[in-house]
Amino acid sequence: MSSGPSGTDGPDPRRVEKLEDLVRELALLSARAARGSGKPKVSLADLTGRLGLPPSSKSTVHSYVSGKTLVPSETLDAMVIALGATGEEQREWGNAWFRVSGTRRKPQATGVNTLIGADPDFTGRQDELDELEALVTAKTVLAIDGMAGIGKTTLAVELARRLAPRYPDGQLFIDLQANTDEELEPSQALARLLSMLKKSPASLPSGDAEWGEVWRAALVGKRVLVVLDNASSTEQVEQLLPGATGSLVLVTSRRRLDGLRMRGAASYSLDVLPHESAVALFTGVTRRPDDDPAIVDEIVRLCGGLPLAIRMVAAGLAARTGWTVADMAEELRDEQTRLRAMRAENKSVRAAFELSYRRLTEAEQIVFRRLGLHVPGELGLPVAVALGGVGPAAGRDAMDRLVEYSLVREAARHRYRLHDLLRQFARECASETDPRSDRKRATARALDSYLHTALTAHATLVPYRLVKDEVAEVPALPRSFESEQAAVSWCDLELDNLLRCRSMAAEFDLQPYFWRIPRAIAHYLGLRAHLADAGNQYGLGLSVASIGNDPQAVADMTARIGDINNAHGNHAAAIDGFLGAREHYLRLGDRIAAADMLNRAGVGHRMNGQNPRALDEHRRALAEHTELGDTYGQAESHYLIAMVHRVVGEYPVALDHHRQAIEGYRSLGHALGEARSLANIGVIHRLRDDYDAALECYPVALEIYRGTGDQRGIANTLNNMASALALAGRPEDAVPLLEEAAAIFAAVRNPGGVADVLRVSARLNTGLGKLVDAEAQLRESLDIYRSTRARFGTAGALTQLAGVLRESGKPVEALELARESLETYRVDVDSRGGEVCALTEVALCLRATGEFAEARVHARRAHAMSADLGARTAKQLDDLLDSLEAE
């Protein structure tokens, strides 16, 4: 209330006891409604209009507001609503009327009810009904839109039945017959509605506007609920609206009626049934409770949760007593027969779709049909426009109209999705209407749109190694990227489509896209560590390129398969692949790519524990890139040479090459390359026990990795940073970093990364005395390393596990593992730092078993090899030797 009983300037119907009180408070309500208009109160003419009455009724309204005549209770209801009274205030105004009249309202007779019958199989939608009921408490018009067959009419009627007691003067239903040849004109609809209320006009109105005046006058003082089903447009229904009365209109339409929203109507877009409700609807219609639930689930999914489709399929199954539920599922699995199975007598899902399709212009029909050529799921505006081929402006307009008509759903700005059944309908329309050559050209335009944007993303991420490819024609809506993160975000968004482009290409024998698109997104797939997806794409791409005799594609796909082999531990196969690709590139005259293959082969050798051979390949690559004046290639070579020197424990040399790499990367503005070197410099500082220096490097690298979306880089840096924090005595700071790293490695399916996190976690648990947990983590990491043939990780895990077992009082088992670790370092890995750690652990285990002489031998060997390996390592060995000499 605007004021309490004590009285203020605002209206308060609780103060009303007699007629003059009612006149006074109505005047205050009118003044409140006029605030901001510059007028003292709502004018008589304005109030008459708000009540939906013709101007000739102004004198009647004046008699009410002046107190000459007691306003009828129904008219008072409409009046206070028109003047902005809240729901609570409306009840108080009704009570005020009782007090003034000295009577009670007589029970009102139930009005006419022409609602169609309730649906006996109505299922679910309770959340929607609750939401819609809340929407209409403050509105007189509610528009429900959605695709054909989604259940708009059923829902509107169910809502009307729920609300019927609030509208005792009548509940009316009329089908406006949109999308048919018998669509009702507003005047026809109004004549029928007035006839339902037995309110035929004394003289025939001359047009829609006059019919509307008669209709609104008939509703004054009444509470009537009207369902306007199957509306075609705002224009068709605007004269059918009640105005500012106590009535409610529910409008259903396949079209999104934005014009009604502009007039203040509430609106609701209806979606398909949730799966559980869809299953309940199916079984409710079939009345076959013993059907296999798994097959029923499949049928409901094949119907896309569309109520009309579910009802028709269920009814068809119930009528075919000789069919099993599996028979119906088989009928629906075939796209060629799916829509045909969704029919009953003279009605079908396809026919319902056709009614919407026929309302489209020719350009809109073309775009809709060709959307069916895209793989299921979302697609963006540029690809939709490319498929349509009607030009960017017409293509945009067509997509807007398809969304408006509920033929396409806009999931986000310029992101569209077709219901599976509408997609199948679009495909059928395309096959019936468009020659195969036209459909092939449309598909090629869509693939070129994806390819062009993927090439642009790659050029943004790696401008120094452009993919040698270009589209024949730039797409109508080309895309550019302002940052590396924007390029990665686009790839993330479109990944599913990019991976499925080959199915679109296969349909129209567009084989080159089998390798062109995977090649364009290869760098991104590496960043995001999508190894399984990448391997599948590259393998098929290589096969098709070989058949097509495309030497450039064969070289590129061979190199990419080498990357996958390296990641899976198949290093020998990877090296053979890189060197084979090098020969292809040399024949093609691409010397830079050929030199790159030496570096990638070197990575395979290092990961295979063959560090001298790795250095040879990287040094050859450095020489070739230097001769070619290729700064990026030189920086990469220095980085990879530094990695080998770090592994073998030659830290000063490694640092020097990392600094040269950073100098090259910075000259190019290549932040990601700089981050890799910074992160590895941090590792070297950590290995040399300089934790403060390490913890200065990691955050800088991490920020760059996060900015570029390099998931492996992020996770590796988090793990290395956690390791440094643990060694620095800050385990509480390390734990959240390990948790994030583990989550990333698991998400990108990187088992080696998971094993690395387990080792750092085991180190934390060892420091906390949780040796059982540490042992379990190390054994799990060891299994992962061995299964992926990661020798460096295997050797490190063996050393660490030996230490945990020794501290657990199991020195004999620990000694066996420590010796296995030492042998692995000496034979398979060639790592001075790792060998020193293994020698030290062997010596500690020997001391624990009482074999002091042999322990001294191993400790001295470790000490002799430990130069430049850090103060902590040196002190540990000095203390060990001192203790052994005392024995």
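I call a residue buried under 20% relative accessible area, exposed over 50% and partly exposed in between, using a 1.4 Å probe and protein chains only. I kept in mind that this is a predicted model, in which local features need pLDDT of at least 70, side-chain atom pairs count only at pLDDT 80 or more, and totals for chains, interfaces and linings use all residues. Residues are numbered from 1 along each chain as its sequence is written, and side-chain values use heavy atoms, with hydrogens and water left out.

**Entry: phi**

Most residues other than glycine have a negative phi. I looked up R125, which is not a glycine and yet has a positive phi of about 65 degrees; R125 sits in the loop between β1 (112-113) and α6 (126-135), where helices (H or I, at least four residues) and strands (E, at least two) are DSSP runs numbered from the N terminus. Its relative accessible area is 6%, so I noted R125 as buried. R789 also has a positive phi, of about 55 degrees, and lies in the loop between α38 (771-787) and α39 (791-807), but at 43% relative accessibility R789 counts as partly exposed.

**Entry: α1**

I checked the length of α1 (residues 19-33), whose 15 residues should span 21 Å at 1.5 Å a residue, and the end C-alpha atoms are 21 Å apart, which agrees; the expected span is 1.5 Å times one less than the number of residues. The buried residues of α1 include L22, L26 and L29, and the buried residues pack against α4 (73-82) and α5 (87-101), contact meaning heavy atoms within 4.5 Å.

**Entry: α35 and its neighbours**

I took axes as lines fitted to C-alpha atoms, for helices over the stretch in contact, with angles from 0 to 180 degrees between N-to-C directions. The axes of α34 (residues 691-708) and α35 (residues 711-727) come within 9 Å and cross at roughly 160 degrees. I therefore recorded α34 as roughly antiparallel to α35, a label for angles over 145 degrees, whereas those under 35 count as roughly parallel. Among the residues that meet are Y698 and L702 in α34 and L718 and M721 in α35.

The axes of α35 and α37 (residues 751-767) come within 10 Å and cross at roughly 15 degrees, which means that α35 is roughly parallel to α37. I listed N716, N719 and A722 of α35 among the residues making this contact, with V757, V760 and L764 among those of α37.

Definitions and conventions:
Angles under 35 degrees count as roughly parallel, over 145 as roughly antiparallel, 65 to 115 as roughly perpendicular and the rest as oblique.
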